[in-house]
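Here is my note on the model you sent.

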Amino acid sequence: QVQLVESGGGLVQAGGSLRLSCAAAGRTFYAMGWFRQAPGKEREFVAVINWSGGNTHYADFVKGRFTITRDNAKNTVYLQMNSLKPEDTAVYYCAADTSYSTPWGIPKYWGQGTQVTVAS
């Protein structure tokens, strides 16, 4: 059974940092990434990384602030979030699929989400 389990969300002050983790179980994925959904808004793409880590793609609103990495030995993807803003408040979802592309389509596999709240 395939599972993606996120961790690392929480409450942080504006300008602070958080690191999200997503551990995959059941199989490995060529592409792993993150989406987010703020209250009353549609889910939106945040970042994606390919198997080797040599290719990454970010949404414009996180470029220079967020960094996606992965550890294939742990089957885990990370999202380091710096200089957080109140508008980054959302539920962050880990996603994974067998292919990498930019833009990344709708991934097949999803985690349950982790809440990130940035206080002003």
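1. Buried here means under 20% relative accessible area. The model is predicted. Asp88 has a relative accessible area of 1%, so Asp88 counts as buried.

2. Where does Asp88 lie? It lies in the loop between E8 and E9. The side chains of Asp88 and Arg36 make a polar contact of 2.9 Å. Leaving out residues up to four places away in sequence, Asp88 touches Arg36, Arg65, Phe66, Ser83, Val116 and Val118.

3. How many disulfides are there? The count is one. The bond runs from Cys22 to Cys94, with an S to S distance of 2.0 Å. Cys22 sits in strand E3 (residues 18-25) and Cys94 in strand E9 (residues 90-97). The two are 72 residues apart, so the pair links distant parts of the chain. The link is left-handed, with -80° about the S-S bond. Both Cys22 and Cys94 are buried.

4. Nonpolar side chains tend to be buried together in soluble globular proteins. In this model, the largest nonpolar core has 35 residues. Leu4, Met32, Trp34, Leu79, Met81 and Tyr92 have the most contacts inside it. Among the strands that each supply at least two residues of this core are E3, E4 (31-37), E8 (76-81) and E9.

Notes. Residues are numbered from 1 along each chain as its sequence is written. This is a predicted model: local features need pLDDT of at least 70, side-chain atom pairs count only at pLDDT 80 or more; totals for chains, interfaces and linings use all residues. Side-chain values use heavy atoms; hydrogens and water are left out. A disulfide is a pair of cysteine sulfur atoms within 2.5 Å. Helices (H or I, at least four residues) and strands (E, at least two) are DSSP runs, numbered from the N terminus. Buried means under 20% relative accessible area, exposed over 50%, partly exposed in between (1.4 Å probe, protein chains only). A nonpolar core is a set of buried Ala, Val, Leu, Ile, Met, Phe, Trp, Tyr and Cys residues joined through side-chain atoms within 4.5 Å. A polar contact is a pair of N or O atoms within 3.5 Å; within protein, one must be able to donate a hydrogen and the other to accept it, and residues adjacent in sequence count only if both atoms are side-chain atoms. Contact means heavy atoms within 4.5 Å.
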